[in-house]
Amino acid sequence: MFTLPLGDHAQLRPLEPWQAPEFLAHIDRARASVDPWIPWATYSTDLDSATATLKRYADRLATDTGGIYGIWLDGTLVGGVMFTRFDSASGVCEIGCWLESAGEGRGLVTQACRSLIGWAFQERGMSRVEWWAAAGNTRSIDVARRLGLTRDGVLRQHSSYRGVRHDIEVWSLLSEEWPPLGEVPVSGVQVELDRLMGVFVGAFTNTGDRRPDLGVIRDVFIPQGRIIANVGHEPVIYDLDAFIEPRQKMLTDGTLTEFSEWEVAERTEIFGSIAHRFSEYRKSGFHNGKWFEGSGYKTTQFLRTPSGWKMSSLAWDDAPATVAE
């Protein structure tokens, strides 16, 4: 049985039917966060049903049509990733994930999904990896963005779950797009820098019912941090308060709605207690009622402080946005 390390204290390995008692205990702990989105979690309520869930995926693995893999942190099962579909004939597969709260904030799902994607493309010659998520499942969509997938579109009212029809977002990654720019082996420091950037970018999201909270930017920056916009080659320099306050207003007063921003590629270099990250990003939303899409580049500096890694400065340069007529 293979085991892949995910940082210093976590592992990825197959999740098999004989592990049903451990799987059921984990799902019971995770139920509040996974039940709203994952049907098989809802249906795994006792040992027999949990065993049946793992047997279904064991059968898919045996027929080369899927598979399920657990994430263990300090010896405890805290989540997992899966091939929900794997079609070697068409060269298309679909990846999914789940996680309980004890595993959050460490980048474990992102690392595990990278392992599955790399194997699908490099070992099995797949052409396309898909990611399907209910439109309201912002955490799953955030993972798709961090992995560099592209949002293909929305299947309106595609799926019925618990008596409600859900819109499904479809994201994808093509073999020629892998690995992303600057993909490097993930270290413990890299995971923490990924987390800091994820918190920063995620603070702006107000899609669905999600309320933006730009105050968390103060948590990931040193108090003296600076954020710089390169507008027409004229730098505009903000301290944290000057940056946060007008953007919090725009994201909550109706000026900017259904907004999100995500990294599509990054290159991170770590030198002792300092680090630098160069990112490419995309964003989209409604500005004063008009849909727009944009992209650009960021450069971010990090410092290791007594309280852990923090951002010290960030500068960005937007490409011209595309506005729907």
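**Group meeting: a cavity and a sheet**

Hi everyone, let's start inside the protein: the count comes to one cavity of 30 Å³ or more. Before I go on, please keep in mind that this is a predicted model.

How much space lies in that cavity? About 130 Å³. Its lining is made by 13 residues, and those nearest the centre are Arg146, Gly198, Val201, Glu261 and Trp262.

Where does the lining come from? Helix H5 (138–146), helix H6 (188–202) and strand S11 (256–271) each supply at least two residues. H6 gives the largest share, with five residues.

Now, over to the sheet. This one is open, has eight strands, and mixes its pairing; the order reads S1-S2-S3-S4-S5-S6-S8-S7. At the edges sit strand S1 (4–5) and strand S7 (150–161), each of them pairing on one side only.

Let me zoom in on one pair. Strand S3, residues 67–73, and strand S4, residues 76–87, run antiparallel and are joined by seven bridges.

Helix H1, residues 20–34, touches S3, S4 and strand S5 (92–99), and its direction makes about 85° with that of S4. Helix H3, residues 47–62, touches S3 and S4, with its direction at about 120° to that of S3.

Methods. Residues are numbered from 1 along each chain as its sequence is written. This is a predicted model: local features need pLDDT of at least 70, side-chain atom pairs count only at pLDDT 80 or more; totals for chains, interfaces and linings use all residues. Side-chain values use heavy atoms; hydrogens and water are left out. Two strands pair if DSSP finds at least two bridges between them. Helices (H or I, at least four residues) and strands (E, at least two) are DSSP runs, numbered from the N terminus. Contact means heavy atoms within 4.5 Å. Axes are lines fitted to C-alpha atoms, for helices over the stretch in contact, and angles run from 0 to 180 degrees between N-to-C directions. On a 1 Å grid over the protein atoms alone, a cavity is a set of points where a 1.4 Å probe fits but cannot get out, and a pocket is an open set with protein on both sides within 12 Å along at least five of seven lines; lining residues have an atom within 4 Å of a point. Grid points are joined across faces, edges and corners, and a volume is the space filled by probe spheres set on the points.
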